[in-house]
Amino acid sequence: MSEKLRVGVLGATGMVGQRFITLLENHPWFEVTTVAASPSSAGKTYAEAVEGRWKMETPVPAGVKDLVLKNVNEVEKVAADVDFVFSAVNMSKDEIRAIEEAYAKTETPVVSNNSAHRWTPDVPMVIPEINPGHTDVIPFQRKRLGTTRGFVAVKPNCSIQSYTPALSAWLDFKPYEAVVSTYQAISGAGKTFKDWPEMEGNIIPFISGEEEKSEKEPLRIWGEVKNGVIEPADFIKITSQCIRVPILYGHTATVFVNFREKPTKEELIKKLEEFSGVPQELHLPSAPEHFIRYMTEDDRPQVRLDVNYERGMGVTIGRLREDSLFDWKFVGLSHNTARGAAGGGVLFAELLKAQGYIEKK
């Protein structure tokens, strides 16, 4: 029997589910033993279910090809054979909230890529380098759910990863206003150019729900655990626009920011280059060695050159310069399905294991 934790992937046939599958291949701590999806896919082998739908650059991992998909709605059956699950299900928010809590109530921890529970007050939403202490709400959530082991934890929206780390590195300078525009890849919608040919040579200036997430989710990341819930921060106001662009992977952000303290450029860059967190201290398997990279070239970061920095788990910042209306402006880039989606979820699960929240059943 492997000493690795047994993992289930809910919504395993979708794009984020596929990314979870590829990232977990040969993972030192976790092993995918169960895959689940919609009733229409249940009963097929994983290879059969994703034939003609496989969107990753690498082949279907051999270890999951012959796993038979379970019906994600048969919660007890799926939960019986795993230590915890990753959730990437494609349902309505109400359905996602219900099914993730149903899995938690089987004493199965749920690490979710979905947005449904991001504003549930006792559910931690974590970027592991920034707010690892928010997992302190888990005992309170367990009390609400009536569990001893099960809980739900979520990772934040993929687009905020391209600028929230930089602002986090600069909190000592007291940022209080920011204007953010994100230029988001089509894979953030679970699409490739084959699926979405009308995106070639096109820009769509609307992504449903993204602007609210971009403005509010960083405040929850910077919030505090009080009385068993996470209270969002209120020291900064963020306004945003979110645009879909013809890029496969990589979310770019342009940011204008004002500070109450007035840092120099050298001070800002130093903070970026020195910024690290618990994942680096603990050498978690998916953690980038250097979380944030600053580039001095005028034309960087670029998606084509920089999106895979630190296997897509790092964030690249560039074009830091003074502004005529705000104090400073910069450009950020992150990989939306690695750091932003499945990879961020895997790193969060590693943190939860290191903290003792995820263990063998």
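Student: Which residues lie nearest the centre of the largest pocket, and how many residues line it?

Tutor: Keep in mind that this is a predicted model. Its largest pocket has a lining of 44 residues, and V16, V89, N90, N113 and N114 are the ones nearest the centre. The elements that give two or more residues to this lining are α1 (15–23), α5 (93–104), α8 (210–221) and α12 (338–354).

Student: What makes a residue count as part of the lining?

Tutor: A lining residue has an atom within 4 Å of a point of the pocket. The 44 residues of the largest pocket are therefore those that meet this cut-off. Among the elements, α1 gives the most, with four residues.

Student: How much space lies in the largest pocket, and which classes of residue line it?

Tutor: The space comes to about 1,100 Å³. Its lining has 22 polar, 14 nonpolar and eight charged residues. Gly is among those counted as polar.

Student: What volume does the second largest pocket have, and which residues are closest to its centre?

Tutor: Its volume is about 380 Å³. This second largest pocket is lined by 20 residues, with T22, L23, S286, R311 and M313 closest to the centre. Here α1 and α12 are the elements that give two or more residues, and α12 gives the most, with four. By class, the lining of the second largest pocket divides into eight polar, seven nonpolar and five charged residues.

Student: Now for the whole chain. Why does its radius of gyration agree with that of a compact globule?

Tutor: Set the two values side by side. A compact globule of 361 residues would have a radius of gyration near 21 Å, and the protein chain has 20 Å, so the two agree. The C-alpha atoms fill a box of roughly 60 × 50 × 35 Å along the principal axes.

Student: What makes a residue buried, and what percentage of the chain is buried?

Tutor: Buried means a relative accessible area under 20%. Of the 361 residues, 59% count as buried. The accessible surface of the chain is about 15,400 Å², and 49% of that belongs to carbon and sulfur atoms.

Methods. Residues are numbered from 1 along each chain as its sequence is written. This is a predicted model: local features need pLDDT of at least 70, side-chain atom pairs count only at pLDDT 80 or more; totals for chains, interfaces and linings use all residues. Side-chain values use heavy atoms; hydrogens and water are left out. On a 1 Å grid over the protein atoms alone, a cavity is a set of points where a 1.4 Å probe fits but cannot get out, and a pocket is an open set with protein on both sides within 12 Å along at least five of seven lines; lining residues have an atom within 4 Å of a point. Grid points are joined across faces, edges and corners, and a volume is the space filled by probe spheres set on the points. The radius of gyration is taken over C-alpha atoms; the globule rule is 2.2 Å times the number of residues to the power 0.38. Buried means under 20% relative accessible area, exposed over 50%, partly exposed in between (1.4 Å probe, protein chains only). Accessible areas come from the Shrake-Rupley method with a 1.4 Å probe; for residues, only the protein chains shown count as cover.
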